[in-house]
Amino acid sequence: MVLETKKSTVAYRCPVCGGGVMSVVDTFRLSADMVKLKCECGGSEMVMVKTGDGKVRFTVPCMLCPKPHNFTVSTNLFFDKELFVLPCPYSDLNVAMMGESNHVKAELSRTELKLLDMLEESGAQSLDVFHSEQYLTDPQVLEIVSYMIKELDEEGKLYCKCPEAEEGDYELEMTAEGLKVSCRRCGASKTVPTNSLIQANEFLNADSLTLE
C-alpha cells in the first residue's frame, strides 16, 4: 500500500524587497514542528506550524502593516483548494496564497500588478514607500490601533492603577488626539495617537500599554 502524499504550493510577497517567495509543502514536511519559507534577500520569512488539532497556523509578513499577521486554516483548505488566499485584515492586498502551482503563480503576478498600481498612485519610485510610516491612511491607522488595543486587553497586557488582584474595566473613546483608553474603576487613561502612522509607530511596536 502506497500512501498518497498531498502537496500544496505556498507563496507570499516579501515586504523588504517586494519579491515573490514560493515553495512546495507536502504532508511530511508539514508534520515537522515548524516550516519556514524565507526570502532570498534575508529580510523576511513566513512561518507555518501544524497545530495539535491538525490545522495550520501561519505567521505572514505584510507589505503594509508594521507587524506580521496570524492566520489558522484547516488542512483541507491547505491541500485541497486550487487557490486559497490570506488577505491583510486592513487592506484588499493578499499577503499569502496556497494551492495548485499555476494558480499561485497567477495570484503572485496579480499582487505584483496591485503593488505597481499602488506605487503609481503614490508617485513613488521604489518599494520603500510601503515601509514609510506615513503610507497608511488615517482610517487604517485607527483600525490597526483599535485592533491592537483589543488584543492587548485579551492578552492581559493592559495595565492601570487597579490593585493586581483586580482586573481593570477598560473603555475606548475617540478624541481629536487619538484613541483614549480609560479604566472605569481607577480612572487611569492613556491616549494613543492615530492621526498618522509616525505618531502611532511607538505603540504599534509595544508589547503592553500602561495607563497613567
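Predicted model: local features only at pLDDT ≥ 70, side-chain atom pairs only at ≥ 80, totals over all residues.
Me: Happy to have you here! How many helices and strands does the secondary structure of the protein come to?
Reply: Let's begin with the size of the chain: the protein has 212 residues, and 40% of them count as buried. Its secondary structure comes to 5 helices and 13 strands.

Me: Is Thr9 buried or exposed?
Reply: Thr9 sits in strand S1, which spans residues 7-13. Leaving aside neighbours within four places in sequence, its contacts include Met22, Val24, Met97 and Val104. Buried means under 20% relative accessible area. Thr9 has a relative accessibility of 7%, so Thr9 counts as buried.

Me: Good, now the hairpins. Which residue in S4 is the bridge partner of Lys38?
Reply: Strand S3 (residues 35-38) and strand S4 (residues 45-50) run antiparallel and are joined by 4 bridges. They form a hairpin with 6 residues between them, and Gly42 in the turn has a positive phi of about 80°. Across this pairing, the partner of Lys38 in S4 is Glu45.

Me: And which residue takes a positive phi in the hairpin of S4 and S5?
Reply: S4 is also joined to strand S5 (residues 56-60) by 4 bridges, and the two run antiparallel. Val49 stands opposite Arg57 in S5. The hairpin has 5 residues between the strands, and the residue with a positive phi, near 85°, is Gly54.

Terms used. Residues numbered from 1 in each chain as written. Heavy atoms only, no water. Buried < 20%, exposed > 50% of the residue type's maximum accessible area, 1.4 Å probe, protein only. Contact = heavy atoms within 4.5 Å. Pairing = 2+ DSSP bridges.
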